[in-house]
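Hi,

Here's the structure I promised to pass on to you.

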Amino acid sequence: MADLSVKFCGVDMKNPLITASGAYGYGREYTDLYSLSKIGGISTKGTTLYEKDGNPPPRIAETPCGMLNSVGLQNGGIKKFLAYELPNLEKNNLAVVANVAGGTIEECVELVSMLEGTSVNIIELNISCPNVKQGGAAFGTNKDCAAEITKAVKNATSKPLMVKLSPNVTSIVDIAKAVEAEGADAISLINTLLGMRIDIKSRRPILKNNVGGLSGPAVFPIAVRMVWQVANAVDIPVCGMGGISCAEDAIEMMMAGAECFQIGAVMFNDPYAPVKIIDGLNEWCDKNGVKNISEIVGTVKPW
Amino acid sequence: MYTQGMYEIIKKEQIAEDTFDLTLSCRDLCDLVNPGQFVHISVPGFFLRRPISICGIDKDSGTIRIVFQIKGKGTDALSKFEVGEQLDMLGPLGIGFKLLESDKKVITVGGGIGTPPMLAVAKYYGKNATAISGFRTKDLVILQDDFKAQNNKTILCTDDGTAGEKGFVTDALARCLKEEKPDMIYACGPVVMLKAVSEIARNNEISCQISLEERMACGVGACLGCAVKMTRGGREFYGHVCKNGPVFDSKEVVL
Ligand SMILES: Cc1cc2nc3c(=O)[nH]c(=O)nc-3n(C[C@H](O)[C@H](O)[C@H](O)COP(=O)(O)OP(=O)(O)OC[C@H]3O[C@@H](n4cnc5c(N)ncnc54)[C@H](O)[C@@H]3O)c2cc1C
Ligand SMILES: Cc1cc2nc3c(=O)[nH]c(=O)nc-3n(C[C@H](O)[C@H](O)[C@H](O)COP(=O)(O)O)c2cc1C
Ligand code: FES
């Protein structure tokens, strides 16, 4: 048995696997299959100041090796999270990453203030949701906006702040450096890539929102590339995600420079994926003489 | 409660044009099933699972039956599975039909490939259920003998009159209601049909439960993908077909 534990921005996790925001709700849905304490951490569904309805259906479209979603941050708001979801998560042994999103800087500041003094371990500031008109990706695609919001939110929280970046940009490195400069404690990437599918019979987009975010194995090489570029450009830790579907993918992501990783869409295909990936990491480490999984972070040897 | 596993196909039959009927041996899953729930099937080569309603439940033998129509590449690949092969199923998922005492009178209304889930609920009511089924044409007619075998009364309608009576299920439903009002109407089928059935139920003040479809990812309520507009206490919001449904009180959804 290898040591899979990692310390990520000061937070101890028993393994580097975090279930990605939006793919795992608040952890209630999969407990019929296995205990939440199996996973290293959970990144909650994107939570906003007030309850949010989300976009009209259809919200899901299949793609080769992946899917599009246009859920649009449907959630019950921060108050419900604090009263109903967080107490449930506290019963388990796992790191809680509160994924938050707001339409304005003030909203984001208010959100994180409300998380002060709670058991939340890490704040993941989503400046990259492609599915909401206001805020969301608008913050994440402009480096000055990304810097400004990071600064304001960092000032309003005593918890580690991880900023989640959008891949829908020309230079991910510029954005990463901008949020690092304003005090981000970590960076997570990638959020979904903007995509579209059309039903050729009706000539209508499959998603009612016309466009949506692409995730799943299809995006994996893009995610590895971006994580590698960002990890090489910043000094703060990186949490890698996008298309991871097996232990080998997770190892690849860590070798690219991610200190921990998140998995999302793969769980729709295989709800046991978190358990299988953790077991697979153990096996791989044992076979390859790796005593602590952290040894492999950033060990890719570029040509 | 739900489970996931690889389950063997023990029987396969093509029962109409592009329509297949599979029986699966799945003791643990079967023990948990209620009529109206569905299974989420992984088809090799496709990223997302396919939701399919449970059409038959045999708790004694630990088997369930699913009936599906080829609609695209995923269901086409599913139709190629043979007896002895295993299917990766997640289930039973969702909330099934609300059942009354079995001596109450009910009407089930199935339109096209919406008919299979009606078989599971009609079984519970036996002779107290009238199963109205509608299809475009005779080549698409399914499950009529199965309804009869479980003592349900049957009314068959086709759009073109090539089997049963010519006309829509809603015509047959309206006629039945004139004779006797049931305690519950159950329906599954195209949205236009569900709208019309809900309307008839409302006008006659009969409770009505309808089974809906929406594109899904997780199937268990985690991703919030399968939204459906619901209404409760005058407030509209998005509920989710896999978690709040697939069966809904017709008064609680906005179609
Ligand atoms: C709760 C529920 C129960 C169902 N029960 C049955 C049943 O008993 N028998 C049956 O024949 N069909 C049933 N369906 C519809 C069935 O899921 C679709 O026909 C099937 O997913 C189509 O897959 P495909 O690859 O052939 O089509 P494609 O159009 O190629 O599929 C592309 C994507 O869209 C999704 N999709 C397409 N049409 C639908 C649809 N109508 N509903 C949901 N997702 C869709 C697919 O799952 C896939 O992710 C049910 C759907 C739901 C939601
Ligand atoms: C249905 C769905 C909903 C999502 N919702 C959110 C969200 O609320 N907040 C967020 O930061 N990311 C959200 N994401 C993005 C994921 O967290 C993740 O960044 C992305 O899906 C890439 O990882 P994957 O390929 O492993 O799914 C969502 C993704 C999916 C598929
Ligand atoms: S399919 Fe994920 S919530 Fe219904």
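Predicted model: local features only at pLDDT ≥ 70, side-chain atom pairs only at ≥ 80, totals over all residues.

**Ligand 2**

Where does ligand 2 sit? You'll find it in the largest cavity. There are 22 residues around ligand 2, and the ones that come nearest are S21(A), K164(A), G216(A), G243(A) and A265(A).

Some backbone atoms of chain A pair up with oxygen atoms of this ligand. For S21(A), a backbone N or O atom lies 2.7 Å from a ligand oxygen. A polar backbone atom of A265(A) is likewise 2.7 Å from an oxygen atom of ligand 2, and for a polar backbone atom of G264(A) the distance to a ligand oxygen is 2.9 Å.

**Ligand 1**

Now look between chains A and B, which is where ligand 1 lies. This one also has 22 residues around it, and those that come nearest are P51(B), G74(B), T75(B), E213(B) and R215(B).

Which atoms touch it through polar contacts?

- P51(B): a polar backbone atom is 2.6 Å from an oxygen atom of ligand 1.
- R215(B): a polar side-chain atom lies 2.7 Å from an oxygen atom of ligand 1.
- V67(B): a polar backbone atom is 2.9 Å from a nitrogen atom of ligand 1.

Taken alone, ligand 1 exposes 830 Å², and 85% of that is buried by the protein. Three elements of chain B give two or more residues to the shell around ligand 1: β4 (50-53), β6 (63-69) and α2 (73-79). Which of them gives the largest share? That's β4(B), with four residues.

**Helix α4 of chain A**

Last, a helix to look at. Helix α4 of chain A covers residues 143-155, so to speak 13 residues in total. From its first C-alpha to its last it reaches 18 Å, close to the 18 Å expected at 1.5 Å a residue.

At the N-terminal end, α4(A) is capped by N142(A), with a side-chain oxygen of N142(A) 2.8 Å from the backbone nitrogen of D144(A). Which residues of α4(A) are buried? They are A146(A), A147(A), I149(A), T150(A) and V153(A). To make sense of that spacing, remember that an α-helix has 3.6 residues a turn, so residues three or four places apart point the same way.

Cheers

Key
Residues numbered from 1 in each chain as written. Chains lettered and ligands numbered in written order. Heavy atoms only, no water. Expected span 1.5 Å × (residues − 1). Buried < 20%, exposed > 50% of the residue type's maximum accessible area, 1.4 Å probe, protein only. Polar contact = N/O pair within 3.5 Å; in protein donor to acceptor, adjacent residues only side chain to side chain. Near = heavy atom within 4 Å. 1 Å grid on protein atoms, 1.4 Å probe; cavity = no way out; pocket = protein on both sides within 12 Å on 5 of 7 lines; lining within 4 Å. Sits in = over half its atoms within 2 Å of the grid points. Areas by Shrake-Rupley, 256 points an atom, 1.4 Å probe, with all protein chains shown as cover.
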